[in-house]
Amino acid sequence: KKKNKMKSLFRNTVAQTKKTCQKLVVKNNNNVKTYVITPMTVEQPGTPKIQSQHEIPTFSKTPQVTTLNNGIRVISKDSTRGNSIVSIKVNAGTRDVSGDNQGAPHYASKMFFAPTTHRTGLHLISEMNKTGGRFEAQHGREEMVYQVEVARDGVARAMELAVDSVLYSRLHPYDIVPKQAQVAYDVAESKLSPQYQIKEALHKVAFTDQGLGQPLLAYDNHVDKPSLDSINEFMNTHYIPSNIEVIGTNINHEDLVEISKQLLEDEFAFQGLPEAPQPRSTPNIVGGHDSVYETRFSTPGNSKNFMVTGFTAPGRNSTERFATKIIVELLGTGSIDNVDNVTRENSNTELSRLARDAKINHYQAYHFEYSDCGLFGIYTESESINPIPQNTVGTWFRDRFVEASEEQQKKMVEAAINRVITRESVKYDSNIGEHEFLLQHGDTMIFDQFVNHLRAVTPQDVNQQLQQLFGTHAPATVIYGNLN
């Protein structure tokens, strides 16, 4: 009976298989062979059934937001992209320090996974390694970001270690000593980069050494003698619930909220701290002849001169920034090296040839965006320190776009919009890219809205923004090079 049952089952299975298979006939030396080919889309007997489209879980495009009882905001988006990434974002940075506190954000970022009141640094790192994740910290002009990346089931443990490191840092003099070498290394490396130095000098000139004009890294005289009091003051002033956001991608929102409640609603963590952050002063960009900042910068075998101009530009609080993005794309980048072999990204062949004639080694348009303002301008590397490099780019843009017909302008703007959307989409279509977008925009804008704002830019918007950029203030100008 068993044998007959097995034979019957086998015959039925073969019959079922034959119904869904195709025959391939091959002739070779008058020999005919028949092969059975099964289409890849056919479900075979004994294999698990493929989920239909409606059975696959869907994830919301809009981030979910929850505010804890103490004011900390939890923002997250769930997805199916690899590891979970969670950041503790503090809305304070080098813009919010001055005087003796300068350099405090730089040191505060280095104290991530340093000894706490509960664990040694080795204990923290050892426990983090057990989760298989990684951690990093970064500081900027307006934010501090402490980030962990880990498999989804390790988020709770990694978050517990991160919160312990951020809110319960021991800040003992012995803990500062190894960080001095790291800060000194950052400062020394920055001095070897003319691009970094000129960007910092531009902010110093444009914002008159206040607020956004404060340097990202610690001053030389703050490296060897860091003040624990200044670091404590910075953290006690700005690491408060109303200034903190927990931002996560590829993590269930309810899970992240529950973890945050357990770790961040501890009344002892914020006891005695101010309830509201200190208001920021309105930035005032200063330009004109008095803002030229010259210094000598030379390396062996380097005869380049570096020049940058900066104009007042819209920040993240203005929709005019999207027209500025298109202007930056229209100006593009270029260099002598890619005239004959143009890269696909955003090099401009015609402008690159003009750059070669003007002995410009490299040029690039830029737009720095901050919460309430921005900087727009052109950066050049050339063999000359006269205004020819900047004038070459500006003259080309006037002749190529401003004086073009409406139809030509429309085509140029449309092409620029498509390039920006393509580039931003490639960045967004990754786990870290999606997280960076969420860090920058929070719940104020989703990526689809970002794309729609770009698509809404017209040639009229670009021309109007050009008038705003170039007609409001004289630019801040910085020159680095082998000056006489």
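User: Two strands pair if DSSP finds at least two bridges between them. How many bridges join S5 and strand S8 (residues 244–249)?

Analyst: Six, and the pairing of S5 with S8 is antiparallel. In S8, Ile-244 is the bridge partner of Val-90. A caution on the source: this is a predicted model, so local features need pLDDT of at least 70 and side-chain atom pairs count only at pLDDT 80 or more, while totals for chains, interfaces and linings use all residues. Residues are numbered from 1 along each chain as its sequence is written, and side-chain values use heavy atoms, with hydrogens and water left out.

User: Fine. How many helices and strands does the protein have?

Analyst: The protein has 16 helices and 14 strands. Both are DSSP runs numbered from the N terminus: helices are H or I with at least four residues, strands E with at least two.

User: What's the strand order in the open sheet?

Analyst: S3-S4-S8-S5-S7-S6, six strands with mixed pairing. Strands S3 (64–67) and S6 (134–139) are at the edges. Each has a single partner strand, so one side of each lacks a neighbour in the sheet. From one strand to the next, the twist averages 15°. Angles run from 0 to 180 degrees between N-to-C directions, and axes are lines fitted to C-alpha atoms, for helices over the stretch in contact.

User: How many residues of S5 are buried?

Analyst: Seven of seven, for residues 84–90. Buried means under 20% relative accessible area, exposed over 50%, partly exposed in between, with a 1.4 Å probe and protein chains only. Ser-84, Val-86, Ile-88 and Val-90 point one way from S5. Ile-85, Ser-87 and Lys-89 point the other way.

User: What does Tyr-146 touch beyond its neighbours in sequence?

Analyst: Leaving aside residues within four places in sequence, Tyr-146 is in contact with Val-86, Ser-87, Ile-88 and Val-90, among others. The list also includes Ala-108, Phe-112, Val-166 and Tyr-239. Contact means heavy atoms within 4.5 Å.

User: Switching to cores. How many residues are in the largest nonpolar core?

Analyst: There are 52. Tyr-146, Met-159, Phe-234, Tyr-239, Val-246 and Leu-264 have the most contacts inside this core. A core is a set of buried Ala, Val, Leu, Ile, Met, Phe, Trp, Tyr and Cys residues joined through side-chain atoms within 4.5 Å.

User: Which helix gives the largest share of this core?

Analyst: Helix H4, residues 155–167, with eight residues.

User: At what angle do H4 and helix H9 (residues 253–264) pack?

Analyst: About 35°, with the axes of H4 and H9 10 Å apart. On the H4 side, the contact is made by Val-155, Ala-156, Met-159, Glu-160, Val-163 and Leu-167. H9 brings Ile-259, Ser-260, Leu-263 and Leu-264.

User: And what do the buried residues of H8 pack against?

Analyst: They pack against S5, helix H2 (104–110), S7, H4 and H5. H8 covers residues 228–238, and its buried residues are Leu-228, Ser-230, Ile-231, Phe-234, Met-235, Thr-237 and His-238.

User: How many residues apart along the chain are Gln-197 and Tyr-480?

Analyst: They are 283 residues apart, with 8.5 Å between their C-alpha atoms.

User: What share of contacts comes from residues 24 or more positions apart?

Analyst: 79% of the contacts in the protein with a separation of 6 or more.

User: Last one. What percentage of the protein's residues count as buried?

Analyst: 46% of the 484 residues.
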